[in-house]
Every structure is written in C-alpha cells, then in structure tokens.
Amino acid sequence: MLRCALIAVLIASTSATNKGGFPNDLGTRPPMGWRSWNAFYSTTTQAMLTAQINALVMRRHSIDGVPTSLQDLGYNRIGMDDGWQLCGAGVNGSFHNASGWAIIDTAKFPDITAMTTYAHSLNVSMDWYLDNDGCAEGDKVPPYYANDAALTAMLGWDGAKFDGGGPGYNMTAWAVAFNATGRPLLMENCNDADPFRPTATDCPYNFFRTSIDNSPNFISAVSNLLDTEPYLSLSRPGCFAYPDMLEMGAPAAQFNTACDPTRMSFTESQGSFGAWCVLSSPLVLGFDLSNMTEYDTWWPLVSNRDAIAINQAWAGEAGHLVAQSQDSYGPLPVFHGAACEVSFNRTMPYWTVWGKALPDGSFAAIALNSADTPQDIVITTEQLGFASGATLNSRDAWSGQAVPPITAAWKIPSLPSHGNLFYVFSAAS
C-alpha cells in the first residue's frame, strides 16, 4: 500500500509542474513508447507497425492481479524511424517531388492515415521521422519545412524525430512550421540540428539527444550517460535530455552480430533502464513487441512501476551525477548505433552513481559498475542530499522491498561487474 501511495504522489506531483511552452505544451513528462529502428532498421512496414500498436495495448501480463498493458503503464507512443520514403523518386534523386512534397513508399506503407487512425482509436500516439538519414537528401533539395509539417499533420502523425540527413537543420523553423499546422506535435532533436542544445530560455523541441547513437553494449550506455551529464541542468519539463533509445533486446539477430557480446544481458539492461529513469530520460523501447519471447523477457524490467514513477516525477531537477570513481581505466572502444561501429575510444570511470530528488523529499540513486571487476563504492548521506551522519530508510526500487537503513554512508561492497543497485532513500523518522 505504501509503495502504491508513493507512486501516486510522484506522478501527481509531476502533473502539477509548469507546461513546456514553445514549441508546444507537450512532453511535460519524459515521453514513453517504442521506436522501430532497433528491431527493424529501415525494413519497417505498415504491417510491422500495426503489430507493435496491437502489442502495446495487449494485456498479456497481470500486476497485482490486474491484467496490464505497456500502455497502461505509460508507454503510449509508437514511432517509425527511417524507411518510409521512396528513395530516389524525387527531384535530383531526392524523395521530394517538384512541388516539395515527400514521396512515400506505398508498397511498404499503403495507407498511413488508416494506420494512425487505428492507433488513435486505441489512444496510441504515432510519431515518424524527418530529415531522414537513409537515402540522405543532403543539398539535393531545399528544406521543405512547411510541406513536411503539413504532411505530418495530414497523415495523422502526432510527432516527429528530426535527423540530419537532409537540409532541414533549423529546429526553430521546424517548430514554427509544426505550430502552423494548428496541431500539437511532439518534437525530438536527434543530435543533429540547430540549436544543437537548448539554453535555459530557448528549447524549440520537446526532447533532445545528447550523445551518439546508443549501442547494445554496456560501456556505450554508460558513455552516453556521461555525455548527457553536462546537459542535465537544462533538462526540464517540455525539454528533456535523452541519451537515445533503450537497447534491451537489440539488435535483432538477423541484422547484425558485430557487437561483443551481441546483446546486453538482463542485468546490463536493468542498469541502463534504471539510470534512464533516474535522469528523467524518455523511455523509448526498441525490441520487437510482437515477438512474445522478447516481450516476456523484458516485461519484468520495463513494467517496474517504481522505476517508471521515479522517471516521471519532477521536483525541480532531472537528476545528476552524484559521484564517480576517482580512478579510471581504458581507453575502451565506444560503439555507435545498433550496428556497433567503433566511434571513438574513451577512458571510463570504474563506477558511477546517479541520483534524483523526488517530490516527497526522498532521493533515488542508482550505482553502476562499468568495470570488469567487482567494485567497492561508498556514498555519504550528504552526497544523497541529506545531513551528514543521517540515518536513512532504504528501499530497493527493483523489488519494492525495504532494505536495512544506512547511517552516514551508503556502503556497497563488491558490486559485480556491470551490476547495479537502485535504491530510494528517505529520512528516518
């Protein structure tokens, strides 16, 4: 009962925060949903997306005896990445015709409006992908901000992710064009457009990528978290920082085996999911929801209501880096994207601890061991936002169960390689 009450308090407090403002009043909580790239790359079809819509709303599992869907938990968006356009069919080998309208591959997407209408009948929001990277237009055509925005609204999409393969780099121009449709549309800056990052007063999108494409590799996930850290002070309702899609269940085996190992373990995926939650990052799944083996594998993780409530809560900060090991190791290769190309080498801390203040005065913290060996970690109660020497009640966010209280410090002996601990602390009465 206490746990359910806490979740209600956290979510209710979030809904009371201020709206995001320009470009719209969307994204006042970190968006939650699914995107196609990790499961299907650019082979996505309308039939595949429809299967994801159905899987999002199905009640295959129960929580506390109540049949529950991913949508019931807050995952209410389905996003299509690259592959919808008819490459080379337009002017100068682009996918825009002479009138500036995008040409859709109707063999793969015979009736997008019917698909988005169906999704809306189930209260599922639909997002797509613009300034495409696949068959990139570059400077073959000018940016068609107004036409692409009008087409987005006309086809029934509810938002868009903006990449950097075309000429449309101006996010403010996209925001103006989207607002001109008269329809609120969620906007994601995919690490490529201008303004590249928001300021305290200017954020013409609802969430923004802070790193290279995430890979199904734990070191890459921690690297993306470290790249996000400088921007957490700018992350806020209506303008959330985002280390990219979650990688549990990726890549699909038929596409790539370059990662080593080829997929993250459950524990590694748990650590990255928990860190995304603590940093108020959008929770965007990427495994094939219509594959029941994958769905059942990841359900215990992505359905954790405590973790989701922490992600959605707002008490004036998105989260922050509490501490990291004084020593580091490496450099290690950091992979780029689901194909796992080596992007750069990086010296890594042995461990990191990330934390977030919660509206009821408690504090969520997750410790991650990015090293190959067990690590001893000590975090003082001051670092957790409480008085020096304080005694704190402790709860395991994964199990929801109380654990022994701490006094003066959170001492973690021998945290296993790539392991994590995710606790919520509160002042002892």
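Modeller: Start with R60 and D296. They form a salt bridge, with the closest N and O atoms 2.7 Å apart. R60 sits in the loop between α3 (46–57) and β2 (61–63), and D296 in helix α9 (residues 292–302), so the pair ties together parts 236 residues apart in sequence. Keep in mind that this is a predicted model.

How buried or exposed are the two partners? R60 is partly exposed, because its relative accessible area is 41%. D296 also counts as partly exposed, at 29% relative accessibility. Both values lie between the limits of 20% and 50%.

Now take R77 and D127. Their salt bridge brings the closest N and O atoms to 2.8 Å. R77 belongs to strand β4 (residues 77–79) and D127 to strand β5 (residues 125–130), so this pair ties together parts 50 residues apart in sequence. R77 is buried, with a relative accessible area of 15%. D127 is buried as well, at 7% relative accessibility. Buried here means under 20%.

D306 and R395 are another pair. Their closest N and O atoms are 2.5 Å apart in the salt bridge. D306 is in helix α10 and R395 in strand β17 (residues 391–396), so the link spans parts 89 residues apart in sequence. Both residues are buried.

In total, the structure holds 12 salt bridges. Some of the charged residues go beyond simple pairs: R35, D81 and K161 are linked in a network.

Next, the surroundings of these pairs. Strands β4 and β5, which carry R77 and D127, are part of an open sheet of 8 strands. The order is β9-β8-β7-β6-β5-β4-β1-β10, and the pairing is parallel. The edges are β9 (240–242) and β10 (283–285), each of which pairs on one side only. From one strand to the next, the twist averages 25°.

Move along this sheet to β6 (residues 159–162) and β7 (residues 186–189). These two strands run parallel and are joined by 4 bridges. G159 has L186 in β7 as its bridge partner. Helix α6 (residues 171–180) packs on the sheet and touches β5, β6 and β7. The direction of α6 makes about 170° with that of β7.

Strand β17, which holds R395, has its own partner. β17 and β18 (residues 402–407) pair in the antiparallel sense over 4 bridges. S394 stands opposite V403 in β18. The hairpin of β17 and β18 has 5 residues between the strands. In this hairpin, G400 takes a positive phi near 80°.

Back to helix α10, where D306 lies. How is this helix packed? Two packed helices are described by the angle and the distance between their axes. The axes of α8 (residues 266–278) and α10 (residues 305–312) come within 7 Å and cross at roughly 35°. On the α8 side, F273, W276, C277 and V278 make the contact; on the α10 side, A307, I308, I310 and N311 do. These residues divide into 7 nonpolar, 1 polar and no charged.

Leaving out residues up to four places away in sequence, A307 touches F273, C277, W398 and F422. A307 and W276 are 31 residues apart in sequence, and their C-alpha atoms are 9.4 Å apart in space.

Follow Y75 for one step. Leaving aside neighbours within four places in sequence, Y75 is in contact with M32, G33, L56, L70, F273, L283, L285, V302 and I308. I308 is one of the α10 residues that meet α8.

Terms used:
Residues numbered from 1 in each chain as written. Predicted model: local features only at pLDDT ≥ 70, side-chain atom pairs only at ≥ 80, totals over all residues. Heavy atoms only, no water. Axes fitted to C-alpha atoms, helices over the stretch in contact; angles between N-to-C directions. Contact = heavy atoms within 4.5 Å. Nonpolar A, V, L, I, M, F, W, Y, C, P; charged D, E, K, R; others polar. Salt bridge = Lys/Arg side-chain N within 4 Å of Asp/Glu carboxyl O. Buried < 20%, exposed > 50% of the residue type's maximum accessible area, 1.4 Å probe, protein only. Pairing = 2+ DSSP bridges.
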